[in-house]
Amino acid sequence: MARRKLIYEGKAKILYDGPEPGTYVQYFKDDATAFNAGKKDVIEGKGVLNNRLSEFFMNGLQQIGVPTHFIKRLNMREQLIRQCEIIPLEVIVRNYAAGTMAKRLGMEEGTQLPRPIVEFSYKDDSLGDPLVPEEYIAAFGWASQQDLDDIVSIALKVNDFISGVMYGVGIKLVDFKIEIGRVWDNDFQRLVVADEISPDSCRLWDIETGRKLDKDVFRRDLGDLADAYTEVAKRLGVLPTNTAQMPKPTLIN
Ligand code: 5GP
């Protein structure tokens, strides 16, 4: 296969130049990181699961009219996406208190919020992705006020969609993070959901048992991460079997 041009390597994914102008290939790694890469491991099968799950969510969003960067899945670990200019914000939607919100406000994890809350962090690993008010975003020109209004509207639609889909398979969507990109059609800008939507970037709790089915399993040493992600994929009908536990090929001498 021809060598591809590497565009960017992040903690969990790699971007390569795509086969057509305006496209990238997004490769999902098995690497898991937490606490700004302070904790690292390789979780066999995670990349395959996240590729499938992100495909599932992005396709679903497109079906209900929320534009995304996703074009198609190419193979087990790669998907074709539209190039876009990533807005340097983590857009977080919360339905229940957990993680940094619970800590910041001294709330018990799992407390239902009066309504979904959208918040923004400035994407900068060296600063630990600090929470920023909308005032900063507009003043520093990371996004215009109009963009921000559109981003909140997109984020709430994504929340409604994923919450509903998850509720249907007995899972509570506690919170999630998305990234938004700008796509240019000549001078006309469109905002699209970019990056990935997977248990790496959501908090997902089993409604009956409260079992965590997301990256907190890794962050908090709660068990096998691939098992948790496989459970989500199975319930959604995305994976018929557990690829994470498929036997490895054996060497024949
Ligand atoms: P928290 O602010 O409580 O740490 O995270 C809120 C939600 O956003 C969680 O679902 C978490 O997984 C997601 N999130 C926040 N920051 C990041 C990040 O840097 N990477 C990923 N993959 N998800 C994040």
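## Arginine 190 and aspartate 185

Arginine 190 pairs with aspartate 185 in a salt bridge (a side-chain nitrogen of Lys or Arg within 4 Å of a carboxyl oxygen of Asp or Glu), with the closest N and O atoms 3.2 Å apart. Arginine 190 is partly exposed, at 28% relative accessible area. Aspartate 185 is partly exposed too, at 32%. Here buried means under 20% relative accessible area, exposed over 50%, and partly exposed in between (1.4 Å probe, protein chains only).

This is a predicted model: local features need pLDDT of at least 70, side-chain atom pairs count only at pLDDT 80 or more, and totals for chains, interfaces and linings use all residues. Residues are numbered from 1 along each chain as its sequence is written, and side-chain values use heavy atoms, leaving out hydrogens and water.

The whole structure holds 25 salt bridges. Shared partners link Arg94, Glu109, Glu119, Asp175, Arg203, Asp216, Arg219 and Arg220 into one network.

Within it, arginine 220 bridges to glutamate 109, with the closest N and O atoms 2.8 Å apart. Arginine 220 sits in the loop between helices H5 (216-219) and H6 (225-235), and glutamate 109 in the loop between helix H2 (99-105) and strand S10 (112-122), so the pair ties together parts 111 residues apart in sequence. Helices (H or I, at least four residues) and strands (E, at least two) are DSSP runs, numbered from the N terminus. Arginine 220 is partly exposed at 33%, and glutamate 109 at 30%.

## A buried pair

Lysine 46 bridges to aspartate 200, with the closest N and O atoms 2.5 Å apart. Lysine 46 is buried at 2% relative accessible area. Aspartate 200 is buried at 9%.
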